[in-house]
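The sequence and structure come before the details.

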Amino acid sequence: VESFRNNSEVDINLRDLDTTNHFDDFWRVRIERLTMVLLDEEDFPIQSNGTTFGREIQIGIHYPTIFNDTDFNGDNQSFLALNFDCNSDYVTHGSDIVWKSNCQVDEEFSQKNYKPAPDGIFSFKIKNPD
């Protein structure tokens, strides 16, 4: 969190956030949609600078190019993927969040993008930290 505050970017393996090992209950997990909301110390959404184009909070997300998942037998499998970047942009109205774009992948695997497993390094960058 401190690195994200200071540098406006952070790398996270989403599997590390699963402190209850709930992902282990499934032999195959894929992420279809990914969003991020910035919260203040009171867990209240940090307010956007406005609601018009260019005033939204813009967060770039880079999916992992290598990620791991388990197969039906519980064996670890590594996947190699192409670079995939998308945005998770939103405006705020008090505690309400209105999404302007989100990181959503419609097909599990295609020539352009893919649904990764949580066990890989996702990069998040605030594109307009001011």
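## Gln 58

Gln 58 is buried, with a relative accessible area of 18%; buried means under 20% relative accessible area, exposed over 50%, and partly exposed in between, with a 1.4 Å probe and protein chains only. Gln 58 lies in strand β3. Helices (H or I, at least four residues) and strands (E, at least two) are DSSP runs, numbered from the N terminus.

The Gln 58 side chain makes a polar contact with the side chain of Glu 56 at 2.8 Å. A polar contact is a pair of N or O atoms within 3.5 Å; within protein, one must be able to donate a hydrogen and the other to accept it, and residues adjacent in sequence count only if both atoms are side-chain atoms. Not counting residues up to four places away in sequence, Gln 58 touches Ser 88, Asp 89, Lys 125, Ile 126, Lys 127 and Asn 128 (contact: heavy atoms within 4.5 Å).

## Basis of the model

The model is predicted: local features need pLDDT of at least 70 and side-chain atom pairs count only at pLDDT 80 or more, while totals for chains, interfaces and linings use all residues. Residues are numbered from 1 along each chain as its sequence is written, and side-chain values use heavy atoms, leaving out hydrogens and water.

## Ser 8

Ser 8 sits in the loop between α1 (2-7) and β1 (9-13). Ser 8 is buried, with a relative accessible area of 13%. Beyond its neighbours within four places in sequence, its contacts are Ser 3, Phe 124, Lys 125, Ile 126 and Pro 129.
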